[in-house]
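Please keep the sequence and the model at hand while reading.

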Amino acid sequence: MERLKQKILAEGKVLSDSVLKVDAFLNHQIDPALMADIGKEFADRFADVGITKILTLESSGIAPAVMAGLILKTPVIFARKRKSLTLTDHLYSAKVHSFTKQETNEISISQSFIHQDDTVLIIDDFLANGQAVFGLIDILKQVGANIAGIGIVIEKSFQDGGKMIRNAGYRVESLARIAHLSEGNVTFIEEEN
Ligand code: 5GP
């Protein structure tokens, strides 16, 4: 997605050979117009597969997921990373090791919102080693729901997550695929979209 790539080049900061900071439009400050375009792109790519729910992970997946849900006319559920007083029992949970925080969180959703007859699109902001997405897949397997695919805003293709998830048989649509990060520069995998 060309507009997203231009935004990454203009406002992304390469913190190391493995970490890209996009606090200016996705992870802290949010660019709503860009999120609307991202949501439309996900909705277009997954238009014909009968999505009934979108599942993401708090907090940075929420903005792109909501924009996709607005167009696909589906509810958006975000898995929570911390137990809350209001989210206590009747949960589906999975363990996720965070690439950026280097800690393991238990992520959970209420059993009320996704059911066996749902067809679910998973959306997340970044794909690195795939732990977050595999945690969401784990939850959906517990539910018994159909997983239509995974929409990722930024995939770091030099890390293993994308390969592992595709090898597991899932459709992954990433709007920007990074071939490598080095010396402050971002290099994308070129593809026609
Ligand atoms: P994974 O679980 O695929 O290893 O990592 C994905 C999660 O880690 C994403 O949900 C995102 O929050 C975070 N993440 C991974 N790599 C990066 C990165 O380079 N930059 C930022 N800002 N977040 C990242």
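Glutamate 183 sits in the loop between strand 9 and strand 10. Helices (H or I, at least four residues) and strands (E, at least two) are DSSP runs, numbered from the N terminus. The model is a predicted one, in which local features need pLDDT of at least 70 and side-chain atom pairs count only at pLDDT 80 or more, while totals for chains, interfaces and linings use all residues. Residues are numbered from 1 along each chain as its sequence is written, and side-chain values use heavy atoms, with hydrogens and water left out.

The backbone of glutamate 183 has a phi near 45°, a positive value in a residue other than glycine. Glutamate 183 counts as exposed, at 76% relative accessibility; here buried means under 20% relative accessible area, exposed over 50%, and partly exposed in between (1.4 Å probe, protein chains only). Lysine 73 likewise shows a positive phi, about 60°, although it is not a glycine. Its place is the loop between helix 3 and strand 4 (76–79), and lysine 73 is exposed with a relative accessible area of 73%. A further backbone feature is the cis peptide bond that joins glutamate 58 and serine 59, with omega about -5°. Serine 59 belongs to the loop between strand 3 (53–57) and helix 3 (62–72). As background, most residues other than glycine have a negative phi, and most peptide bonds are trans.

The protein chain as a whole contains five helices and 10 strands. For 193 residues, a compact globule would have a radius of gyration near 16 Å, and the value of 16 Å for this chain agrees; the radius is taken over C-alpha atoms, and the globule rule is 2.2 Å times the number of residues to the power 0.38. Along the principal axes, the C-alpha trace spans about 45 × 35 × 35 Å. Of the 193 residues, 50% are buried. Among the contacts with a separation of 6 or more, 62% are between residues 24 or more positions apart, where contact means heavy atoms within 4.5 Å. The accessible surface comes to about 9,400 Å², and carbon and sulfur atoms hold 50% of this area; such areas come from the Shrake-Rupley method with a 1.4 Å probe, and for residues only the protein chains shown count as cover.

The charged side chains form the next topic. Side chains of opposite charge can pair when their charged atoms come close. The structure holds 12 salt bridges, each defined as a side-chain nitrogen of Lys or Arg within 4 Å of a carboxyl oxygen of Asp or Glu. One of them pairs lysine 5 with glutamate 190, at 3.9 Å from N to O. Lysine 5 lies in helix 1 (residues 2–11) and glutamate 190 in the segment after strand 10 (185–188), so this pair ties together parts that are 185 residues apart in sequence.

Glutamate 41 is partly exposed, with a relative accessible area of 24%, and arginine 45 is buried, with 16%. With glutamate 173, the closest N and O atoms of the arginine 45 pair are 2.8 Å apart. Because glutamate 173 lies in strand 9 (residues 172–182) and arginine 45 in helix 2, this bridge ties together parts that are 128 residues apart in sequence. Glutamate 173 counts as buried, at 19% relative accessibility. Salt bridges with shared partners join Glu41, Arg45, Arg171 and Glu173 into one network.

Which residues does phenylalanine 126 contact, leaving aside its neighbours within four places in sequence? They are Leu20, Val22, Asn27, Ile152, Ile154 and Lys156. Phenylalanine 126 lies in strand 7 (residues 119–127) and counts as buried, at 16% relative accessibility. Its C-alpha atom is separated by 9.1 Å from that of serine 174, a residue 48 positions away along the chain.
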